[in-house]
Amino acid sequence: MAVLVGLPAVDFAFAAGEEPGEYLDRRVLIWNLFYKMMTVAFITGSVVSGTIIWQVWRFRESHPKAKPTRYEGTDW
Amino acid sequence: MTLELQKPRPIWQIMFSTHHTDVGLLYLISSLTFLFLGGSLALGIRAELFLPGSQIIADAMTFNRIFTVHGTTLIFLFIIPFASAVGNYYVPIMVRYKDMAYPKLNAIAFWMIPPAGVLIWLGFADFTWYATPPYSIISAPGPAADMWIFGLKILGISSVLGALNFVVTILKCKHPDMSIGQIPLMAWSFLSSSLIIMVAIPTFAAALLMLLTDRLGVSGFFNPAMGGDPISYAHLFWFTFHPEVYVLVIPAIGMMYEIIPRFSRKPIYSYSSGVFAFVMLSIVGFSSWAHHMYATGMSFTEKTVFMVGTLAAVPASAMHVFNFVATMWNARIRFSTPMMWAVGGIALFFSAGAGGVVNSAMPLDFTTHDTYWVVGHFHLFVMGTIAFGSIGYLYYMFPYVTGRMYNETLGKIHFILSFIGTVLVFFTQHVLGLYGMPRRIYDYPPIPEWIAMNQIASVGAMIIGISMAVFLANMIHSAGKGKFADTDDPFGLGGKYYYPFEAKNPSH
Amino acid sequence: MGGHSNWPEWIYVAVVIALMTWVGAEAWEAERLVEHVPADAETIIVTGQQWFWTFEHEDGTKEIGELHVEVGKAYKFEVMSKDVNHSFNIHDYVVLMDAIPGRVNTVWFAPDAVGEHDIQCREYCGLIHYNMRGTLYVEEPSH
């Protein structure tokens with residue numbers, strides 16, 4: 001997240017440069033965008049998959065604290 | 001419940017039947033056959049790409065034909081017919097009607113598939129499953145190309161007829177006591193995907209016809225030498241096929257809506273969100289097609305419009321993930337084979353979607369377009385989500401269709417090996433694409449990183465192959481010799497776990 | 001349907017929409033910058049055909065399969081095709097643009113270091129698509 005906040009500052013360095021001999025480096029621009037996206041994707045991904053993994057472990061029927069849902073035994 | 005194989009029936013009785021359970025069974029057998037045929041081609045591709053140079057495929061033309069038929073087979077001859085199998089079997093049951101709305105048309109729609117499959121396989125075209133002109137017009141060898149075109153034409157008609165049947169059955173034939181807001185979410189998934197098919201496929205039908213007349217030289221729609229524009233084909237193709245990918249995924253998500261709540265022993269967190277998400281995805285899915293064409297020289301404004309259209313579809317997909325996760329919350333879950341496949345599929349669905357969002361960010365497409373990143377991305381969808389959901393549902397319906405149980409241990413082994421293999425192949429291919437390896441190449445320069453990643457991917461593919469052999473053995477053996485199942489509750493979930501309405505097959 | 005409050009779902013959807021908006025805004029800005037071709041970029045005509053690339057510089061010099069350019073200069077590629085669709089790709093510099101017969105597509109770059117890089121084709125074009133390759137040579141300025 002710190003990277004995400006700091007990067008826009010570095011970003012201005014590219015946005016600025018268009019003097020003759022100093023051109024925008026498309027590689028840097030594009031890959032930086034990619035790394036930002038990847039950071040967000042991995043953070044979101046770890047939240048989502050972490051939740052799923054924890055759920056799969058905690059709510060499995062063989063967990064010691066597993067209790068019937070409030071729908072079991074009813075005509076849901 | 002209907003039991004197909006408890007009482008042996010003559011094969012011709014099933015083949016000439018128009019009852020929805022029999023047509024469903026025919027679709028099932030056909031789609032699984034093509035799964036194995038198309039999957040074998042994939043193993044061939046991965047074996048060839050294990051190292052630079054020629055391994056088991058002698059020349060580039062053969063390789064090009066193999067990947068074309070691999071993609072065409074798995075999309076049009078496995079995924080779509082498999083969904084039709086499930087839909088045919090269960091939609092009438094879910095809406096409490098005796099059959100599909102048009103049983104004879106239903107059977108006709110199925111019987112178009114084997115001839116189309118034969119055309120595609122005997123032809124073995126080489127122009128990729130997109131068949132993009134001008135290559136497909138001026139350079140692709142016939143009669144392979146023409147056979148492919150005819151095969152796809154037939155499949156398109158079959159798809160539309162099937163879709164028509166689903167829409168009428170669900171909307172017009174549902175039981176009078178049942179409102180549209182009470183039909184199961186899997187029925188909604190078939191309604192959505194069928195409506196998409198009916199709107200999207202005709203565009204491709206037109207494009208195919210134009211491609212054929214261009215090939216014959218009597219028209220120049222896409223041939224620049226005759227004043228045509230190849231990019232217009234791309235628009236027509238993707239206008240159909242971007243919504244088509246939603247046609248592929250929506251039924252699989254519908255199948256997960258059958259499995260996940262039941263095995264969690266509680267109802268779905270939000271039925272209305274599920275409906276809303278299906279409907280929204282169906283509509284918004286039509287607004288993103290040209291994100292496949294970012295590199296064709298579109299203007300900045302055009303690209304922006306399609307990027308927005310692409311991103312707009314993400315919340316709908318995300319709602320399904322939320323629905324499943326919230327359903328599993330405070331549940332008491334039995335992780336039988338079908339549930340493992342469904343949950344694994346949801347986890348991979350997210351990674352597939354995340355990669356897609358990256359692609360849609362316009363400049364990032366320059367790094368990933370037509371590289372193995374894209375191959376990894378869409379395979380996480382078609383294998384990781386759709387095939388996983390479909391295979392899970394197949395295990396789920398096995399006791400109902402056969403009256404017997406499959407071997408649970410082998411089913412779990414199938415899942416674990418497939419999951420590991422899928423991650424190994426397709427996550428690696430994302431990185432391989434970032435290193436620049438293009439798609440659809442028979443051979444590659446001996447760049448060490450490319451070689452290493454190709455090898456990891458090939459090993460992963462072999463693991464999937466082994467798991468599929470286990471699957472085949474389990475299915476065949478258990479169908480004939482498996483333990484008899486308790487057809488009211490084969491998975492021991494407790495309570496009423498299937499639809500009270502029976503499918504009364506007149507031949508039983 | 002449960003009669004529960006749905007606020008977690010609304011928050012979740014709001015977060016997803018916010019994320020997508022952020023992705024879109026970042027991508028829009030980056031694309032805007034990347035598409036701005038410098039006025040003094042030197043034009044190179046790139047022609048793809050089955051199965052090789054040819055290049056023509058402003059001064060008329062032609063090259064086949066290799067392209068020599070100078071460090072620190074900006075170049076604008078006008079990409080075209082003689083037969084089927086190809087796609088001109090210098091992966092190391094993230095240069096990618098389809099070569100479509102009947103039209104000219106434009107992409108630019110400014111190499112900033114001396115070196116050799118692969119040129120490849122990134123759109124299936126038939127038998128030798130896999131080997132439709134070339135080399136980019138970035139050299140010190142000659143003057």
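Which residue in β5(C) is the bridge partner of Gly48(C)? The partner is Ser81(C).

1. Basis. This is a predicted model: local features need pLDDT of at least 70, side-chain atom pairs count only at pLDDT 80 or more, and totals for chains, interfaces and linings use all residues. Residues are numbered from 1 along each chain as its sequence is written, while chains are lettered from A and ligands numbered from 1 in the order in which they are written.

2. Strand β5 of chain C. Helices (H or I, at least four residues) and strands (E, at least two) are DSSP runs, numbered from the N terminus. β5(C) covers residues 75-81, and its side chains alternate. Tyr75(C), Phe77(C), Val79(C) and Ser81(C) point to one face and are buried (20 or more other C-beta atoms within 10 Å of their own, C-beta atoms being placed from the backbone).

3. Strands pair if DSSP finds at least two bridges between them. β1(C), residues 42-49, runs parallel to β5(C) over seven bridges. β8(C), residues 105-109, pairs with β5(C) in the antiparallel sense over five bridges. There, Tyr75(C) is bridged to Phe109(C).

4. The contact of chains C and B. Chain C gives 44 residues and chain B 46 (C-beta atoms, placed from the backbone, within 7 Å). On the chain C side, α1(C) supplies the largest share, 16 residues.

5. Helix α8 of chain B. Residues 185-216 form this helix of 32 residues. A kink of about 30° lies at Ala200(B), shortly before Pro202(B) (the angle between axes fitted to the seven residues ending there and the seven starting there). Just after the helix, Gly217(B) has a positive phi of about 85°.

Key:
Two residues are in contact if their C-beta atoms, placed from the backbone, lie within 7 Å. The expected span of a helix is 1.5 Å times one less than its number of residues. A residue is buried if 20 or more other C-beta atoms lie within 10 Å of its own, exposed if 12 or fewer, and partly exposed in between; C-beta atoms are placed from the backbone.
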